[in-house]
Amino acid sequence: MKYIYLILLLSFSLFANAQAGKGIDAHPELMSVKAVKFYPNPATTVIHFELLDRSERGYTLQIYNFVGKKVFEAVEIAHKTTIPLNDYFRGVYIYQLRDRTGKVVESGKFQVK
């Protein structure tokens, strides 16, 4: 009997969220398409960034350390870009991919071991 109440409660809450406009359409981050993939993560000696849309040009790649200091920037990056990590300390880094206008198209994090 408890399971029936639980199923009814979950069904009702999903229905209520859908009616309130809280479905997947209200969360664009759930529908976003990746513009770049990077590997390996965690990285040790190099990290590779690969643009997934070959037709787009003019992207800028910026990398920031954990305190927010920009440690790398490449303007108009190639389809595949490899960054050596010789001068990077262990830790978490944030990347930002920006379009020609400077708008952040994608951001994420990676770890250097």
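Student: Of the 113 residues of the protein chain, what percentage count as buried?

Tutor: In this chain of 113 residues, 27% count as buried. Buried means under 20% relative accessible area, exposed means over 50%, and partly exposed is in between, using a 1.4 Å probe and protein chains only. Before we go on, this is a predicted model, where local features need pLDDT of at least 70, side-chain atom pairs count only at pLDDT 80 or more, and totals for chains, interfaces and linings use all residues. Residues are numbered from 1 along each chain as its sequence is written, and side-chain values use heavy atoms, with hydrogens and water left out.

Student: Good to know. What does the secondary structure come to?

Tutor: The protein chain has 1 helix and 7 strands. Along the sequence the pattern reads α-β-β-β-β-β-β-β. Helices (H or I, at least four residues) and strands (E, at least two) are DSSP runs, numbered from the N terminus.

Student: Which strands make up the open sheet?

Tutor: The open sheet has 3 strands in the order β1-β2-β5, with antiparallel pairing. Its edge strands are β1 and β5 (80–84), each of which pairs on one side only. From one strand to the next, the twist averages 20°; axes are lines fitted to C-alpha atoms, for helices over the stretch in contact, and angles run from 0 to 180 degrees between N-to-C directions. Two strands pair if DSSP finds at least two bridges between them.

Student: How many bridges do β1 and β2 have?

Tutor: They pair over 4 bridges, in the antiparallel sense. F38 has F49 as its bridge partner in β2.

Student: And what about β3 and β4?

Tutor: Those pair in the antiparallel sense as well, over 5 bridges, with β4 covering residues 70–75. L61 has A74 as its bridge partner in β4. The hairpin of β3 and β4 has 5 residues between the strands, and G68 takes a positive phi near 90° there.

Student: Switching topic: which residues touch the most other members of the largest nonpolar core?

Tutor: That core has 20 residues, and I47, F49, I63, I83, Y95 and F110 touch the most other members. At least two residues come from each of β1 (36–39), β2 (46–51), β3 (60–64), β6 (91–98) and β7 (104–112). A nonpolar core is a set of buried Ala, Val, Leu, Ile, Met, Phe, Trp, Tyr and Cys residues joined through side-chain atoms within 4.5 Å.

Student: Why would such side chains sit together?

Tutor: In soluble globular proteins, nonpolar side chains tend to be buried together.

Student: Tell me about Y95. What is the relative accessible area of Y95?

Tutor: The relative accessible area of Y95 is 0%, so Y95 is buried. Among the residues that Y95 touches are K34, V36, L61 and F110. Y95 and S107 are 12 residues apart in sequence and 5.4 Å apart in space, C-alpha to C-alpha.

Student: How many aromatic pairs are there?

Tutor: A search of the whole structure finds 7. In one, F38 and Y95 have ring centres 5.0 Å apart and planes at 65°, so the pair is edge-to-face. F38 is in strand β1 and Y95 in strand β6, so this pair ties together parts that are 57 residues apart in sequence. Rings of Phe, Tyr and Trp (its six-membered ring) pair if their centres lie within 6.5 Å; planes under 30 degrees apart count as stacked, over 60 as edge-to-face and the rest as tilted. Ring pairs also link F38, F49, Y88, Y93, Y95 and F110 into a cluster.

Student: Last one: how many salt bridges does the structure hold?

Tutor: The structure holds 2, where a salt bridge is a side-chain nitrogen of Lys or Arg within 4 Å of a carboxyl oxygen of Asp or Glu. K34 pairs with E106, with the closest N and O atoms 3.0 Å apart. E106 is buried at 7% relative accessible area, while K34 counts as partly exposed at 47%. E73 forms a salt bridge with K70, the closest N and O atoms being 3.4 Å apart.

Terms used: Contact = heavy atoms within 4.5 Å. Lists of a residue's contacts leave out its neighbours within four places in sequence.
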